[in-house]
Amino acid sequence: MYFPTTLTRKFLMQNSPSNPSAYLGQLLKKPAGVKIGVGVTSPSPELVQMLANSGFDYILIDMEHGPISIETAYRMITAMIGTPAQPWIRVTHNDPAQFKLALDAGAKNIVVPMITSREEAQKAVSYAKYPPQGVRGWGPFRTQYQWQTNMLDYAKRANAETGVIALIEHPDAVRDVDAILDVDGLAGAIPAPFDLSVNMGFSDGPNHDKVRHAIEFVISRIKAKGMEVTSFAVTPAQAVEAMRLGVNNLFLGFDPMYIQASLQLFLSTVSDLVATR
C-alpha cells in the first residue's frame, strides 16, 4: 500500500488545484455567449442553493422524475432567491392543476413533457396564462414573496415573464414540430434525446443516425423560428457538438449524474497520482 511521505504530501498540497465549490466567488467557467442549466431530481433546497450560487443561469426542479413534492419545490425556489439562476419546474404531465401549483410556487418556466401536437401545446400555454390569454386561476398568495413583489404586481407581470417550454420526445412531435412552434405564447421547445430515442425504437441511447437527424431537424426548426435553442449536453463532447449546431443554451443533465461523475473523477485522479509516485 502507498503512503505519501511528508515531502510528497507537501507537494500535493501546493500543486493541487483549489476546489471551486469551496469558494463562493469562483463561478463556473461558461462558454462565451452560452447559458447553462442543470436539473435537480433530489428534494433538496440545500443542493439547489449551492448550484444557484455557482453560476448556473437556471435550475430545473424535476417533479416528473424526482421525488419532489410541491411543498419541497416551493422551498427549493426559495433557496434560489437572490441568485442569478431562474427557477424552472418540469411538471409530470400537461395538466392545469400541475401548472397552477408550479407557477404559484414561483417558477419562471414550466417544462412540459411529451407534447406531440399543436393542440397539446395550445392547452399547455392556456394553463400557464391568466385570462384573457389563458385559464390560469388567480391566487399568487406566496408567489409574491418568491418574486419579491406584491400580488397585484405579480399578476400584471406573470403572463409576460413566465414561459412554457415543450419537450419534443416523440416522432409525432418531430413530424408536427412546426405546428407546435407556431403556437402563440409558447416560449420554446427542447428535443429530449433519451425519450426520443426510446420512442423511436432505440433503448440504448440517442447515438443512432435516425435519432441524431431528428434532433438536428428539431433544432433547425427552433432556430428558424427565432427561439432560444436549448440542447441536452451531459458530456463535454455533446456540449461541443451542440454549440457547433448553433445551440445557445446547454442543459447539462441531472444531479445524480454529476455526484457520481465527480466521485469517479476524484478517485481516478487519486489512483493516477498513486501510480506515478
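Partly exposed is the class between buried, under 20% relative accessible area, and exposed, over 50%. The model here is a predicted one.

Q: Why is Lys 35 called partly exposed?
A: Its relative accessibility is 39%. That falls between the 20% and 50% cut-offs, so Lys 35 counts as partly exposed.

Q: What makes Lys 35 and Glu 228 a salt bridge?
A: The closest N and O atoms are 3.3 Å apart. The cut-off is 4 Å, so the pair qualifies.

Q: How do you know which parts that pair ties together?
A: Look at where the two residues sit: Lys 35 is in strand 1 (residues 35-40), and Glu 228 is in the loop between helix 11 (209-225) and strand 7 (230-232). The pair therefore links parts that are 193 residues apart in sequence.

Q: What makes Arg 244 and Glu 241 a salt bridge, and where do they lie?
A: Their N to O distance is 2.5 Å, within the 4 Å limit, so they count as one. Both lie in helix 12 (residues 236-244), 3 residues apart, or about one turn of the helix.

Q: Why is Glu 241 put in its accessibility class?
A: Glu 241 has a relative accessible area of 32%, between 20% and 50%, so it is partly exposed.

Notes: Residues numbered from 1 in each chain as written. Predicted model: local features only at pLDDT ≥ 70, side-chain atom pairs only at ≥ 80, totals over all residues. Heavy atoms only, no water. Salt bridge = Lys/Arg side-chain N within 4 Å of Asp/Glu carboxyl O. Helix = DSSP H or I, 4+ residues; strand = E, 2+ residues; numbered from the N terminus. Buried < 20%, exposed > 50% of the residue type's maximum accessible area, 1.4 Å probe, protein only.
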